[in-house]
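Subject: Handover of a structure, with notes

Dear colleague,

Please find the structure below, together with the notes that I made while going through it. I would be glad if you could read them beside the coordinates and tell me where you would look further.

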Amino acid sequence: MRHCIDCGVQLLPDDTHQPRLGGRAGPPHGPPEGPGATSRVDGKQMNLLAVLEGRPDGSEGWGGCWRLGRGRRCSLAFGLVIMTLVMASYVLSGTRQELLLASPFRYGAVPGSPSPPGGESPGHAKEQPPPPPAGNLSAAKDAPGLRLVIDSIVARIAFTARQLPGTDALRRQEPHMFAVIPRKFLPSSRSPCWYEEFAGRNTSDPYLTNSYALYSKRFRATFDALRKAFWGHLAHAAGRHYRLRCLPRFYIIGQPKCGTTDLYDRLRLHPEVKFSAIKEPHWWTRKRFGIVRLRDGLRDRYPVEDYLDLFDLAAHQIHQGLQAGEPGRRSRIVTGEASASTMWDNNAWTFFYDNSTDGEPPFLTQDFIRAVQPDARLIVMLRDPVERLYSDYLYFASSNKSAEDFHEKVTEALQLFEACLLDSSLRACVYNNSLNNAMPVRLQVGLYAVYLLDWLAVFDREQLLVLRLEDHASDVKSTMRRVCQFLSLGPLSEKQEALMTRSPASNARRPEDRSLGPMWPLTQRLLRDFYGPFNARLAQVLADEAFAWRKT
């Protein structure tokens, strides 16, 4: 047996060491390096456990320990306290799955134990947000590839001028339309109207062959009302009957899911405005080609007379005013229609126009409207194209609607659009019927700058009023005053204006669609990058930075 004279602690051989501190010692902190872990004290190799757990012997014992210097006694006591607390913490951690006392040699909990933010104790830790959906994580992995797709698209954007067709070429395409619509209209009417002879008998049905009445049951009640009023609104001269025919004085031409229905519902409350019997005839873009639903193929083409029939109620009122009014006094009635496809939908051209140049349509809807109505007034309502696309998706998608499904459809549409731009011009892709049908979301409808530039190629800027849905939603009264001024409508009484501006918004998002929540932030960023260059060009053309939608 040996003694450490300097420290007064009795050392036993490693194989005979027994702890004797008046209680059961806990497990050592950390795995021992061998049967008897050793350390060096004052330059000599010693058993570490023996140093901390020495047994008293005869005259030395505890009295020897108290004869140590004060500094050494404090160090020994501090080491015992720390080791006891640390070992107790490990024992408790076996049931609590976390270390209740952090080690004095490091900050925070042991690896594998979550540390609450802000230094809070586990009992007061903030609830962690749920992990993002698995699809969102998967989409994030694909984001770099989509970034390359958008960069490829942006690099190929080029706004080029159209080659406009001549009037003779337009007449050759639509000889019947130009034969029915005269070149000049009645000077006594603000709307483009004219009288034409009606050869039918008073027992015949003037709407017997109207395609709108034949192919849609929901329009039949409308035509029943037209039949009852028809014979009382004919003009008679020299034994012949004449009916007044009218075209729209103004068109709300777009865009879908941008508030055109709300604008229509408010504007038709003005006593001078008379819309078509059907809100959206879609004649210029679809029905004159025989398209009801493009996926259903082509039907017989709707003749222009079927379109003109839709304005008979307005024509009756205009006719009454002309008959009862003073000579030379103009009728104040203004006719209009609100087909939201007019601005952008030219999908039918590939079926009828074969003299294309580089895949671009040789004729567009506005070419024909301008040819027969050079003084037409055009109203456009737009909104942030990113939000418009999501609203469009929620409205038209029939099943499985979700933010994840929307993201997948956007991804596919972007890839298809890029593939088209690799071989064709921007205009050719925007008006490409096959591409538009293949894209699972109507990405092209939000490319406002392309469409607006093509309309401005044939109409003067003063003939177009371009509005933002965001402004309309925040200040309905201001928007409606601008529209009334643009159409030169008469002033309203306070009661009439209150009725027009205070009525609730029309065609708002359905409750079941609102419950789906917003699109993914990743999808939103991708679409903002895609639409950004088009929005910037639109803002430049309109000289209004609000149309860049940089702050929405």
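A word on burial is needed before anything else: a residue is called buried when its relative accessible area is under 20%, exposed when that area is over 50%, and partly exposed in between, with a 1.4 Å probe and protein chains only. Helices (H or I, at least four residues) and strands (E, at least two) are DSSP runs, numbered from the N terminus. With those terms in place, Ala-473, which lies in helix α19 (residues 469-474), is exposed because its relative accessible area is 61%. The C-alpha atom of Ala-473 is separated by 8.4 Å from that of Ala-505, 32 residues apart along the chain.

The model is a predicted one, in which local features need a pLDDT of at least 70 and side-chain atom pairs count only at pLDDT 80 or more, while totals for chains, interfaces and linings use all residues. Residues are numbered from 1 along each chain as its sequence is written, and side-chain values use heavy atoms, with hydrogens and water left out.

Confidence and overall figures

The pLDDT, which is the predictor's confidence in each residue on a scale from 0 to 100, averages 80 over the protein chain, and 73% of the residues score at least 70. Over residues 1-68 the pLDDT is below 50, although this stretch has 79 contacts in the model beyond near neighbours in sequence, a contact being heavy atoms within 4.5 Å. Residues 90-132 also stay under 50 in pLDDT, and for them the model has 25 contacts beyond four places in sequence. Where pLDDT is low, the predicted coordinates should not be read in detail.

The protein chain has 552 residues, of which 45% are buried, and its secondary structure comes to 23 helices and 12 strands. Among the contacts with a separation of 6 or more, 76% are between residues 24 or more positions apart. The accessible surface, computed by the Shrake-Rupley method with a 1.4 Å probe (for residues, only the protein chains shown count as cover), comes to about 29700 Å², and 52% of it belongs to carbon and sulfur atoms.

An enclosed helix

Which helix is largely enclosed by the rest of the structure? Helix α13 (residues 365-372) is, because 6 of its 8 residues are buried. The buried residues of α13 are Thr-365, Gln-366, Asp-367, Phe-368, Ile-369 and Val-372, and what covers them includes α5 (167-173), α6 (175-180), β8 (250-254) and α18 (448-456).

Backbone details

Most residues other than glycine have a negative phi, and most peptide bonds are trans. Against that background, Gly-254 and Gln-255 are joined by a cis peptide bond with an omega of about -5°, and Gln-255 lies in the loop between β8 and α9 (260-267). Ser-488, in the loop between α20 (476-486) and α21 (494-502), has a positive phi near 55°, and Ser-488 is partly exposed, its relative accessible area being 44%. Ala-543 is not a glycine either, yet has a positive phi of about 55°; Ala-543 lies in the segment after α23 (521-542) and is exposed, with a relative accessible area of 71%.

Two further alanines

Ala-225 is found in helix α8 (residues 220-230) and is partly exposed, with a relative accessible area of 40%. Between the C-alpha atoms of Ala-225 and Leu-313, which are 88 residues apart along the chain, the separation is 9.1 Å. Ala-277 belongs to the loop between β9 (273-275) and α10 (304-309), and Ala-277 is partly exposed, with a relative accessible area of 25%. Leaving aside neighbours within four places in sequence, Ala-277 is in contact with Thr-222 and Leu-310; the C-alpha atoms of Ala-277 and Leu-310 are 5.0 Å apart in space, while the two residues are 33 residues apart in sequence.

With regards
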